[in-house]
Amino acid sequence: MRKSHEIVAGFMPLLDSAILVAAKEMGFAQAEGVELTLVRETSWASIRDRMAVGHFQVAHQLAPMPIAANLGLTPLAAKTIAPIALGLGGNAVTVSNDVWARMCDCGAPADLDAGAAGRALRAALTARAREGAREPLKLAVVHPFSGHNYELRYWLAGSGIDPDRDIEIVFVPPPLMADALTAETIDGYCVGEPWSTAATLAGAGRIATVKAAIWRSSPEKVLGAAAAWAEQEPEALAALLRALCRAAQWCGAAENHHELAAILVGPDYIARPAEWMLYGLSGTLAIGSGATHRIEDFFVPFAKAATFPWKSHASWFYSQMVRWGQVAHSPENAAIARETYRPDLYRSALKPLGVALPSANAKVEGALAAPTPVGSAGASLVLGPDGFFDGALFDPDKLDDYIAAQRR
Amino acid sequence: MPQRSIPLSILIIDENRLRAAVIQEGLRDAGYDRLTVVHDVVGIARKIAETSPDVIVIDLENPNRDVLESMFQLSRAVQRPIAMFVDRSDQASIEAAVEAGVSAYVVDGLKRERVKPIVDMAISRFNAFARMARELEEARSQLESRKLIDRAKGILMATRGLSEADAYALLRKTAMNQNRKISEIAESLITAAGLLAPPEE
């Protein structure tokens, strides 16, 4: 009989916890001999702390979190690795009805185009300042070391808005975002689903743009694993990675979305209506005022190597940590960030499954204008499009140049 | 014991007012009098700036911990760097705190001996509070069970003409046969009676 691996994983109630939830509920974990226990948490800090003391071996984490932990930027950080990603995309930028009305006066687009929406926001901010408004608009993200924080700042900066001077960036837990918008304590936010849908269905705001429009096919969450545990229990980790890969494949198939939504509404998971989940899963978002809009690759759980832990993703997050003053750039720090992501563990664990395994560990981000076949083992692989909204490229081999170009 | 000359300033953040009071009392009894208690993180940045705490104690499950930690990233809100616990190598203390459901943030540069008694006190008070809450819950559920059983007995006595002792015996026998608690059987019976008969009141 095969040895059973007991693994406890922490997660936050977000749509992209779906892969972990499906691994347990659809039997993928069990099929790999993993007895998976999922524990819902109330903050990313709590997930990190409980991983540090060994309550959790692995957890649903914001992709930059393990990097920040290994760089010693967060309290009580234990060495963490990212051996698999939990999908691409999935976030939206939602603004209050008032801000949206101002953006519309300045030519905001109906199609969530990031460039046009950014220009409209910039013009709206200028008009607002001319009218004598002194307090900057408050835009919320969930965590300083999050895809939300970096993509929001990237979008603002690329639109000619200084995220530290022209805007105040504040922090709010995801489930409280819609309420904070309604209460007018914030003017907008960037968050994962279903927490934008929560505001648009309630009539509290309008989705202005989405992560997929700011940077298509971009990284969002990873499975963080305690490095010490991963070293001691390589078989358990490999079995879990296989289960998660199968679960991601299942989550990515449109015919399973209703069943997945029905699981996620459970009281131990996201505990919100199934309808809320289906917008994000289908990519046809309720953007506000009863309108819907379809976004290609809004949330990609499996296709396009969506679970592969690209070292270029780790390096990009690192470049943004440097850009916004969270860490000083040095070759050592850059290496710590890169080495947090473990495509080697991903490949060796998933080899028996016959799924597409990219040949490279890193790629030039933003280089693919159209779906492009790339080198892989196990199965053929198509990546892209993956462009940044401003047309920029991120070449991880030219990290120093990229950082220098973004220096303020 | 805190040094008399420069007592440490402690900020307690807890949405649970009762628990906050229990911790506050413990720390005050131990001689710490520079205590500030808040129940809501709204406006917390200003509170931190005003009180300039050396130690911040917050419940681990507070959904606003990410918000609090984000403030440590912004030099505007907090002047001095803050770490969780003084010494990362103090694994036993960290584990005890997480087990108890408390987290503590400490200003950089404080000596371990000065902070440890505060953290230990918070841990023991959190544990005591959890124990108290558990006992209260047990007492409450015992009371509930007794009420349910009394009502179920009454229904059986009225509908089947049983004596009180026989009604109880029937409930107990059914529970044993089904391997369930008597209170669960009583609850099912009350629900069933409610569905079958018009309300009595």
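Biologist: In this predicted model, does A:D297 count as buried or exposed, and what is its relative accessibility?

Modeller: The residue A:D297 sits in the loop between β13 (291–294) and β14 (299–300) of chain A. Its phi is positive, about 55°, although it is not a glycine. Buried means under 20% relative accessible area. A:D297 therefore counts as buried, with a relative accessibility of 16%.

Biologist: Is A:E184 buried or exposed?

Modeller: A:E184 belongs to the loop between α8 (177–182) and β9 of chain A. Phi of this residue is near 60°, a positive value in a residue other than glycine. The cut-off for exposed is over 50% relative accessible area. With a relative accessible area of 68%, A:E184 is therefore exposed.

Biologist: In which loop of chain A does A:P194 lie?

Modeller: The peptide bond leading from A:E193 to A:P194 is cis, and its omega is near 0°. A:P194 is placed in the loop between β9 (188–192) and α9 (197–201) of chain A.

Biologist: Which residue does a cis peptide bond join to A:P385?

Modeller: A:P385 is located in the loop between β18 (381–383) and α18 (399–406) of chain A. Omega of the cis peptide bond is about 0°, and the residue joined to A:P385 is A:G384.

Biologist: Which strands of the five-stranded open sheet in chain A stand at the edges?

Modeller: The pairing in this open sheet is mixed, and the strand order is β2-β1-β3-β11-β4 in chain A. An edge strand here has a single partner strand, so one side of it is left without a neighbour in the sheet. From one strand to the next, the twist averages 30°. The edge strands of chain A are β2 (34–40) and β4 (80–85).

Biologist: Which residue of β11(A) is the bridge partner of A:T80?

Modeller: Strand β11 of chain A covers residues 221–226 and pairs with β4(A) in the antiparallel sense. Four bridges make up this pairing. In β11(A), the partner of A:T80 is A:A226.

Biologist: What is the angle between helix α1 and β2(A)?

Modeller: Helix α1 of chain A, residues 18–25, lies across β1 (5–11), β2, β3 (58–62) and β11 of chain A. Relative to β2(A), the helix runs at about 135°.

Biologist: How many helices and strands does chain B have, and in what order do the elements of chain B run?

Modeller: The secondary structure of chain B consists of seven helices and five strands. Read from the N terminus, the order of elements in chain B is β-α-β-α-β-α-β-α-β-α-α-α.

Biologist: What share of the residues of chain B counts as buried?

Modeller: Chain B has an accessible surface of about 11,600 Å², and carbon and sulfur atoms account for 51% of that surface. Among contacts in chain B between residues at least 6 apart in sequence, 65% join residues at least 24 apart. Of the 201 residues of chain B, the share counted as buried is 40%.

Biologist: Which three residues supply 26% of the area that chain A buries against chain B?

Modeller: In the interface, 27 residues of chain A contact 21 residues of chain B. The area buried between the two chains is about 1,900 Å², with 54% given by carbon and sulfur atoms. The three residues supplying 26% of chain A's buried area, more than any other three, are A:V53, A:L76 and A:F171.

Biologist: Which residue of chain A forms a salt bridge with B:E69?

Modeller: Between chain A and chain B the count is two salt bridges. In the salt bridge of B:E69, the closest N and O atoms are 2.7 Å apart, and the partner is A:R48.

Methods:
Residues numbered from 1 in each chain as written. Chains lettered and ligands numbered in written order. Predicted model: local features only at pLDDT ≥ 70, side-chain atom pairs only at ≥ 80, totals over all residues. Heavy atoms only, no water. Pairing = 2+ DSSP bridges. Helix = DSSP H or I, 4+ residues; strand = E, 2+ residues; numbered from the N terminus. Axes fitted to C-alpha atoms, helices over the stretch in contact; angles between N-to-C directions. Contact = heavy atoms within 4.5 Å. Buried < 20%, exposed > 50% of the residue type's maximum accessible area, 1.4 Å probe, protein only. Areas by Shrake-Rupley, 256 points an atom, 1.4 Å probe, with all protein chains shown as cover. Buried area = accessible area lost by both parts, 1.4 Å probe. Salt bridge = Lys/Arg side-chain N within 4 Å of Asp/Glu carboxyl O.
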